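Good morning, and thank you for making time for this presentation. I would ask you to keep the model in view while I speak.

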Amino acid sequence: MRKIKRKNKTICLYIYFILFLLLRWYVSYRYVESNVNLEELLDILSMNSGFTNIVYLTAIYAIFYVFILSMEIPEYNIYCCVRCTKKEYRKNVIKKIVLHAVIFSSVIVIMQIILAGIQFHLLDHAITKWYLIGTMLNVMLWSCAYAIIGSVYFLVYLGTYSKVKAAMILCIFCMLLFVLFRMTGKQILFSDIDVIRLLFLDRLNLLQYSMVMMKYIAYSYLISVISEILLNKKELIKEGVV
């Protein structure tokens with residue numbers, strides 16, 4: 001029964017997120033005519049977009065992802081650990097982090113494809129082929145980026161044993177990432193590479209893309225190792241502690 005309730009809450013959060021994406025698109029492009037030129041369309045579909053720019057991917061959309069994880073990741077308590085070992089618990093958490101990172105990134109991309117396709121008639125533009133290829137690459141890249149955020153959330157949760165505190169700390173963390181990017185111009189999550197723009201300009205370096213992917217995966221693995229060490233040192237908390 002508890003598992004069913006958790007799944008229902010997760011589905012509701014995804015629905016709220018989709019509604020938020022619809023609102024965001026409406027606010028950004030309600031006054032933009034459908035017959036935009038190629039350069040304007042490229043701005044709409046790339047990281048310059050009001051829909052998939054660094055601000056929203058890092059500091060806004062990530063908040064929804066964190067709350068989805070807070071619903072999906074089981075509490076580390078006596079009830080949980082009677083049913084599975086620490087290793088099994090950690091594997092279960094990692095699976096959920098990766099799964100929802102992929103789903104979450106796919107939702108963003110699919111919504112952009114649908115909304116841009118309806119409003120700007122993508123099939124009539126030369127950019128369409130490059131855009132669809134770019135969206136698939138973005139799903140993989142953004143999934144790795146959100147997996148890092150999810151791994152940090154799990155690490156903070158193990159340190160606080162409070163999903164509420166962990167979610168709040170992660171929201172602040174995401175905001176600070178964006179502030180760091182604005183103030184210093186240093187590359188952060190999502191800002192390393194603008195896949196769609198580079199693809200269309202025929203400047204996408206697959207080696208560069210692979211290096212960014214490997215960097216994100218390495219960050220996730222490192223945080224996962226730290227979480228494992230912390231998990232092994234922690235004692236079971238009392239039943240009912242969030």
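Predicted model: local features only at pLDDT ≥ 70, side-chain atom pairs only at ≥ 80, totals over all residues.

The chain contains nine helices and zero strands, and buried residues make up 50% of its 242 residues. Of the contacts with a separation of 6 or more, 81% are accounted for by residues 24 or more positions apart.

How far does H6 reach from its first C-alpha to its last? The figure is 46 Å, close to the 48 Å expected at 1.5 Å a residue. After H6 comes Tyr161, whose phi is positive, near 55 degrees.

I turn now to the partner helix, H5. Its 35 residues should span 51 Å at 1.5 Å a residue, and the end C-alpha atoms are 50 Å apart, which agrees. H5 is followed by His121, and here phi is positive as well, near 50 degrees.

How do these two helices meet? The crossing in which H5 passes H6 is right-handed.

On the H5 side, the residues that meet H6 include Tyr89, Val93, Ile97, Ala101, Ser105 and Ile108. On the H6 side, the residues that meet H5 include Tyr131, Val139, Trp142, Ser143, Tyr146 and Phe154. The residues of this contact divide into 17 nonpolar, seven polar and no charged.

Ser143 is located in helix H6. Is Ser143 buried or exposed? Its relative accessible area is 9%, which is under the 20% cut-off, so Ser143 counts as buried. Leaving aside neighbours within four places in sequence, Ser143 is in contact with Ala101, Val102, Ser105 and Asn138.

In soluble globular proteins, nonpolar side chains tend to be buried together. Here the largest nonpolar core has 78 residues, and those with the most contacts inside it are Tyr61, Phe104, Tyr146, Ile149 and Phe190. Among the elements that give two or more residues to this core are helix H1 (2–29), helix H3 (54–72), H5, H6 and helix H9 (206–233). Which element gives the most to this core? That is H6, with 17 residues.

Two of the residues just named can be followed further. Phe104 lies in helix H5, and at 0% relative accessibility it counts as buried. Neighbours within four places in sequence aside, Phe104 is in contact with Tyr14, Phe17, Tyr61, Phe64, Tyr65, Ile68 and Tyr146. Phe104 and Phe17 are 87 residues apart along the chain, while their C-alpha atoms are separated by 9.3 Å.

To close, I return to the helix with which I began. Thank you for your attention.

Methods:
Residues numbered from 1 in each chain as written. Heavy atoms only, no water. Left-handed = near helix turned anticlockwise from the far one by under 90°. Helix = DSSP H or I, 4+ residues; strand = E, 2+ residues; numbered from the N terminus. Contact = heavy atoms within 4.5 Å. Nonpolar A, V, L, I, M, F, W, Y, C, P; charged D, E, K, R; others polar. Expected span 1.5 Å × (residues − 1). Core = buried A, V, L, I, M, F, W, Y, C linked by side-chain atoms within 4.5 Å. Buried < 20%, exposed > 50% of the residue type's maximum accessible area, 1.4 Å probe, protein only.
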